[in-house]
Amino acid sequence: MKAFQIRIEFRDSEPVIWRRVLLSARASFSELHAVIQTIFNFKDKHLYIFRLSDHRLKVTNDPEAHEVYEEYLENQEAIEKTLLALNTPFATKQLENFRTMVGEPDAFKIGSYLQEGSIVDYLYDFVDNWEIILTVERVVEDYILDYPSLLAGEQGAPLEDMGGLAGFEEFLTAYNNPQHPDHVRARKWGNQQGFTEYDGESIQDRLRSLEKSARD
């Protein structure tokens with residue numbers, strides 16, 4: 001079975017928070033989203049979007065994005081005529097955005113859009129703005145497992161609703177420093193929310209459960 005080896009990392013994280021996984025090319029973008037949520041221990045509470053610039057495609061669960069795209073398709077001629085007549089950088093950018101197809105995560109298979117060297121931007125939670133980069137490192141032709149595999153990774157991942165990387169850095173400062181005035185509070189909250197350092201075995205157990213969940 002064909003699969004992709006993908007490096008997944010938080011943009012601008014320092015030190016870099018990253019994971020390397022193997023995932024079947026038959027997987028949908030919805031399943032890829034589930035893998036990202038699992039390896040970083042997110043709770044799937046927010047909207048997300050994949051951007052595939054090479055294919056002029058956005059795959060998202062954001063209903064507003066789908067509504068805007070449908071409106072564009074219904075009024076394409078009038079919208080394009082107006083924007084082309086304006087002939088401004090803003091109008092050009094808007095036209096480019098309108099022309100980018102918006103797809104449902106369950107309806108698109110990653111095997112149709114990814115290849116070795118592909119880079120995909122994934123944005124999760126439009127408030128905290130977790131920007132994550134996916135890089136397809138290689139294609140594996142003889143993958144035999146029915147679930148995704150974790151190959152490597154480093155650093156504990158941030159928690160939901162903590163204000164992006166800046167909030168995560170503040171949390172780690174308090175969490176790791178017993179002398180910090182918020183150390184006890186950070187420890188208590190972090191433990192309640194399930195924060196841990198990188199634990200590959202635990203991540204792999206959760207990835208294995210994705211296949212079971214799909215069957216159920």
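Buried means under 20% relative accessible area, exposed means over 50%, and partly exposed lies in between (1.4 Å probe, protein chains only). Keep that scale in mind for two of the stops below.

This is a predicted model, in which local features need pLDDT of at least 70, side-chain atom pairs count only at pLDDT 80 or more, and totals for chains, interfaces and linings use all residues. Residues are numbered from 1 along each chain as its sequence is written, and side-chain values use heavy atoms, with hydrogens and water left out.

**Stop 1: Glu80**

Select Glu80, in helix α3. Helices here are DSSP runs (H or I, at least four residues), as are strands (E, at least two), numbered from the N terminus. Glu80 counts as buried because its relative accessibility is 14%. Now show Arg99. The side chains of Glu80 and Arg99 make a polar contact at 2.9 Å. Such a contact is a pair of N or O atoms within 3.5 Å; within protein, one must be able to donate a hydrogen and the other to accept it, and residues adjacent in sequence count only if both atoms are side-chain atoms. Contact in general means heavy atoms within 4.5 Å. Leaving aside neighbours within four places in sequence, Glu80 touches Tyr72, Leu95 and Arg99.

**Stop 2: α3 against α4**

On the α3 side, colour Ile79, Glu80, Leu83, Leu84 and Leu86; on α4, take Ala91, Gln94, Leu95, Phe98 and Arg99. These residues make the contact.

**Stop 3: the Glu14–Pro15 bond**

Go to the loop between β1 (3–10) and β2 (18–24), where Pro15 sits. The peptide bond from Glu14 to Pro15 is cis, with omega near 0°. Most peptide bonds are trans, and most residues other than glycine have a negative phi. The next two stops concern phi.

**Stop 4: Asn41**

Select Asn41, in the loop between α1 (29–39) and β3 (48–52). Phi of Asn41 is positive, near 60°, in a residue other than glycine.

**Stop 5: Asp161**

Finish in the loop between β8 (149–154) and α5 (164–176), at Asp161. Asp161 is not a glycine, yet has a positive phi of about 55°. Buried, partly exposed or exposed? Asp161 counts as partly exposed, because its relative accessibility is 40%.
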